[in-house]
Amino acid sequence: VRQSRTGVIATLSLTVAVVLGDSGIVTLALPEMLRDFGAEVGQVAWVLIAFNLVLALVAVPAARACLRGDPAMATAGGVAAFAAATIVCAVAPSLAVLVAARAAQAVGGALVIVGSLELLVEATGAEREGVRRWAAAGVAGAALGPVLGGLLTSAFSWRSIFVVQIPVVLVALPAAMAMRGRVVRRAEELDVSPDRPYVLANVALALLSAALTAALFLLVLLIVEGWRRSPAVAAVAVTAVPVAALAAGPLFRRVRGGTRSEAFAGSVLIAGGLTGLALLPGAALAWTVAPQLLVGLGLGLSVDSLTAAALRDRIPRALHGGWTIAARHAGVVAGLAILTPIFTADLRHAERPAKEAVASLVLDAPLPASAKLELADGLGRQLVAERGRVPDVRPAFAAVRLPAPQAAAAATLEHDLEDQLRRAATRAFRTAFLVAAALALLALVPAVALREGRS
Amino acid sequence: VRTVTLPLIAVLLVALVLGVQVAAGGGDYVPRASADPCVARRIPPLPARLEPVAERIVLLGLDGAACRLGISRERLVLSLADRRSLAPDAGAALKAGLRDAVDRLDREHRLPKVSQLVPEALEESDLPGIVKTVVGAIPDSTIDSTLPTAPLLRRAVGELDVDELLDQLADPDQIESAIRAAILRAARDEILDRLRP
């Protein structure tokens, strides 16, 4: 019996991680989807937004539905719906179908998440342990999602992101069915009107989720679009966040600082990490590691602590679990809504200083005027071909044939131009990262007002 | 103590990371700013060949024109590619800038003598061999006294139809032939002026 319980706990934790990982799993796949569907950036962003928006909207109603019946059946139904929608995502013939299927995924996912909370508490036999595993699975999923999505997109295609999820999630079906009839409602859960949601903890969760969206979404965009690195490289580069998030518990929980202390420290770490990303001294991936570690430690320290605080001593548990999910994903949507216009506008504004820096370097390069004209022509064509994206200067240089001494000067110029373009792109993301840091700092307000509780 | 330990660790970690980043130039990782075109740029040594001299005159001329128009040299260059964003008086500003450039190089004795440029000009020209031989036989001192570089270049700049040149920006060969024609016309007129009593 114990072994099967362990299996159930592991399977349900994995399923919660997969569903919540879906929140950001497509981040690194967006450029490939953009090309596949020939759509605009704003349209493709809905693949990300639809899931988070619908999850935020249906989490609480799903929890209410879950409370009316057996959570095992709600979870099983959610798994089936999530898997079916994921199949449609994998074979989606158009962007509209993909966005609709992502919304359906979120509906099934909401049932899986709130149902799993009840089942994990039952399977672990202890409220605190069940909530801890549920919250930790959510943190791991949210942190690992973009990394796995990036690796799968690079190795196969964006469709593989969804193909891989189907068998993983379906494993939860027998686990949920095995828990049928096992969750016994306490009398007070059935008779008493539900507790009010813990607004402070949920607001802090929403603000930190908005900030964390920036950490992962903006950083991935900066690495792939700004620095022109491959999605695979970006995926490996952003592993620092989940690694630190998973290490935060073992590292800091020994201090036993309490919910307020952990939420405060987590918010400071996330805000500090985002400020670090706004003040990168170079475009080397190594410079992003320390800020990412701060963000990851903050994520690991604050999100599950706040989630536990939002659920502590409140009934019905599933409903309050639903509120935390709604708060987190509303935060993700709000983060995207606030930050996307900021960085897209900044990217547009970065175009002129970048072009002027490039023009300055080409004009002053120790190359014959004819070579400069040829290069300028090639760079101009490349700029038009990239349609407002950070251009790849290499084709313009490859097209110009120069004798050896001039080729060395051209190579230096090429390197300098790439440096200037990276500088412009990095600078363009600065305001968005700083606004995200401000969102994390705002979370300090509800965090300091939290009621104390040992975690 | 336990309640302040974690926030304290967090603040210290953040201070450490941000301190290292700012010390490494974190706040200054931005694209290079355009130089003020009204501040005279340092001129590197000029080889006595046609292309580097012409290029230097153009670069200094762009500075002068940009200064007159109140924009950066780089912005002016980018505007040249998109004529719609070019100021209506850009042609006049460019011509004035080119004249200023010749004046500055002349003032700083950076212009090579015409006799130093003649062999290269003859080699690249499509003149008949006999003409090349005759011109090559003219003593340098005669060439330099008949055709001093600065007046020749000033006259050539005056001959240039800048608006027409701007229309031909996409075709470097056409620009080169227009400049060559302007210089030849300027040389002929300069010689004729000097031969007149």
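Me: What makes the span of helix α5 (residues 95-124) of chain A close to the expected one?
Reply: Helix α5 of chain A has 30 residues and reaches 41 Å from its first C-alpha to its last, against 44 Å expected at 1.5 Å a residue. The expected span is 1.5 Å times one less than the number of residues. Helices are DSSP runs (H or I, at least four residues; strands are E, at least two), numbered from the N terminus.

Me: What kind of model is this, and how are its parts numbered?
Reply: This is a predicted model, in which local features need pLDDT of at least 70 and side-chain atom pairs count only at pLDDT 80 or more, while totals for chains, interfaces and linings use all residues. Residues are numbered from 1 along each chain as its sequence is written, chains are lettered from A and ligands numbered from 1 in the order in which they are written, and side-chain values use heavy atoms, with hydrogens and water left out.

Me: Where is the kink in α5(A) centred?
Reply: The kink is centred on S116(A) and is about 25°. The bend at a residue is the angle between axes fitted to the seven residues ending there and the seven starting there. After α5(A) comes G125(A), with a positive phi near 80°.

Me: Why is α5(A) called largely enclosed by the rest of the structure?
Reply: Because 22 of its 30 residues are buried. Buried means under 20% relative accessible area, exposed over 50%, and partly exposed in between (1.4 Å probe, protein chains only).

Me: Why are α16(A) and α2(B) called oblique?
Reply: Helix α16 (residues 369-385) of chain A and helix α2 (residues 50-69) of chain B pack at about 55°, with their axes 10 Å apart. Angles under 35 degrees count as roughly parallel, over 145 as roughly antiparallel, 65 to 115 as roughly perpendicular and the rest as oblique. The two helices are therefore oblique to each other. The axes are lines fitted to C-alpha atoms over the stretch in contact, and angles run from 0 to 180 degrees between N-to-C directions.

Me: Which residues make the contact of α16(A) with α2(B)?
Reply: A369(A), S370(A) and K372(A) meet E51(B), E55(B) and L59(B), where contact means heavy atoms within 4.5 Å.

Me: Is T324(A) buried or exposed, and how do you know?
Reply: T324(A), in helix α15 (residues 317-364) of chain A, has a relative accessible area of 0% and is therefore buried. Leaving aside neighbours within four places in sequence, T324(A) is in contact with W134(A), N202(A), L205(A), T307(A) and A310(A).

Me: What is L200(A) called at 30% relative accessibility?
Reply: At that value L200(A), in helix α10 of chain A, counts as partly exposed. Not counting residues up to four places away in sequence, L200(A) touches P446(A), A449(A) and L450(A).

Me: What is the phi of R228(A)?
Reply: Phi of R228(A) is near 55°, a positive value in a residue other than glycine. R228(A) lies in the loop between α10 (199-226) and α11 (231-237) of chain A, and its relative accessible area of 32% makes it partly exposed.

Me: Why does H109(B) count as exposed?
Reply: Because its relative accessibility is 71%. H109(B) is in the loop between α4 (90-107) and α5 (114-124) of chain B and has a positive phi of about 55°, although it is not a glycine.
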